[in-house]
Amino acid sequence: MAGVKRKLDLFGVLVLSFAAGNSGGITRDVLIGAIPPGAVNDWRYLSVSLVAGVTTFYFSPLIVRMWNPVLLFDAAGLALFAVAGSSKALAYGLNPVMATVLGMVTGIGGGMVRDVLLAEIPTVLRAELYAVAALAGAAVVVIGHTLQLPAAPVTAVALILCFWLRVMAIRRGWRLPVAKFNDRHDSNVAKAASNDTEKS
């Protein structure tokens, strides 16, 4: 939808679709040494991304009307990717901290690459809780693994926590504090420069 809104052609939308769906997992796999990455080695990743891209390109008005369910699916996908990413990182022997980080990267990496391709500040760095929700879900998986708790209930708790945080952030506008920047100094500098130009 980001590509459609910016009037990209079909190829551009498909590129964004693949990037958004797979960049996080590719980044994780490269960093943990799972080469070639699953998204490159298995044709189904590409196929699903292309089907999603084509569907969005030709049926974008319908998707806009279904935007709330789309956001719920996005929250569910975030939870699934974060939990799966941290689990795979642990399976490859990473330490708990980096396994948590890579779980988050798996969940948010695709959106970040999408926004970079569109020359925008990544949404995950400025919108409602997104990266934090992924980080929380990944952290639960890692803590459960460290404490040697049963995998199934830990995974369920991690999925529910990440999904709940993201949904509540969407509905209630939860977000981290944003830095306040006083640009008075910059405006004074600009005025001084303007005055100097007029005098010269």
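Colleague: Which residue's side chain is joined to that of Asn-22 by a polar contact?

Modeller: The model is predicted. In it, Asn-22 lies in helix α2, residues 10–32. Leaving aside neighbours within four places in sequence, Asn-22 is in contact with Ala-39, Tyr-45 and Ser-49. The polar contact between side chains, at 2.8 Å, is with Ser-49.

Colleague: Is Asn-22 buried or exposed?

Modeller: The cut-off for buried is under 20% relative accessible area. Asn-22 has 5%, so Asn-22 is buried.

Colleague: Is Gly-53 buried or exposed?

Modeller: Gly-53 is in helix α4, residues 43–58. Not counting residues up to four places away in sequence, Gly-53 touches Val-13, Leu-14 and Ser-17. Its relative accessible area is 2%, so Gly-53 is buried.

Colleague: How many residues lining the second largest pocket are charged?

Modeller: This pocket has a volume of about 170 Å³. Its lining has 13 residues, with Val-124, Leu-125, Arg-126, Ala-127 and Leu-176 nearest the centre. The lining divides into 10 nonpolar residues, no polar ones, and a charged group of three.

Colleague: In which helix is confidence lowest?

Modeller: Over the protein chain the mean pLDDT is 89, and 91% of the residues reach 70 or more. Helix α8, residues 131–146, has the highest confidence, at 96. Where pLDDT is low, the predicted coordinates should not be read in detail. The lowest confidence, a mean of 53 over residues 184–199, belongs to helix α10.

How values were computed
Residues are numbered from 1 along each chain as its sequence is written. This is a predicted model: local features need pLDDT of at least 70, side-chain atom pairs count only at pLDDT 80 or more; totals for chains, interfaces and linings use all residues. Side-chain values use heavy atoms; hydrogens and water are left out. Helices (H or I, at least four residues) and strands (E, at least two) are DSSP runs, numbered from the N terminus. Buried means under 20% relative accessible area, exposed over 50%, partly exposed in between (1.4 Å probe, protein chains only). A polar contact is a pair of N or O atoms within 3.5 Å; within protein, one must be able to donate a hydrogen and the other to accept it, and residues adjacent in sequence count only if both atoms are side-chain atoms. Contact means heavy atoms within 4.5 Å. On a 1 Å grid over the protein atoms alone, a cavity is a set of points where a 1.4 Å probe fits but cannot get out, and a pocket is an open set with protein on both sides within 12 Å along at least five of seven lines; lining residues have an atom within 4 Å of a point. Grid points are joined across faces, edges and corners, and a volume is the space filled by probe spheres set on the points. Ala, Val, Leu, Ile, Met, Phe, Trp, Tyr, Cys and Pro count as nonpolar, Asp, Glu, Lys and Arg as charged, and the others, Gly among them, as polar. pLDDT is the predictor's confidence in each residue, from 0 to 100.
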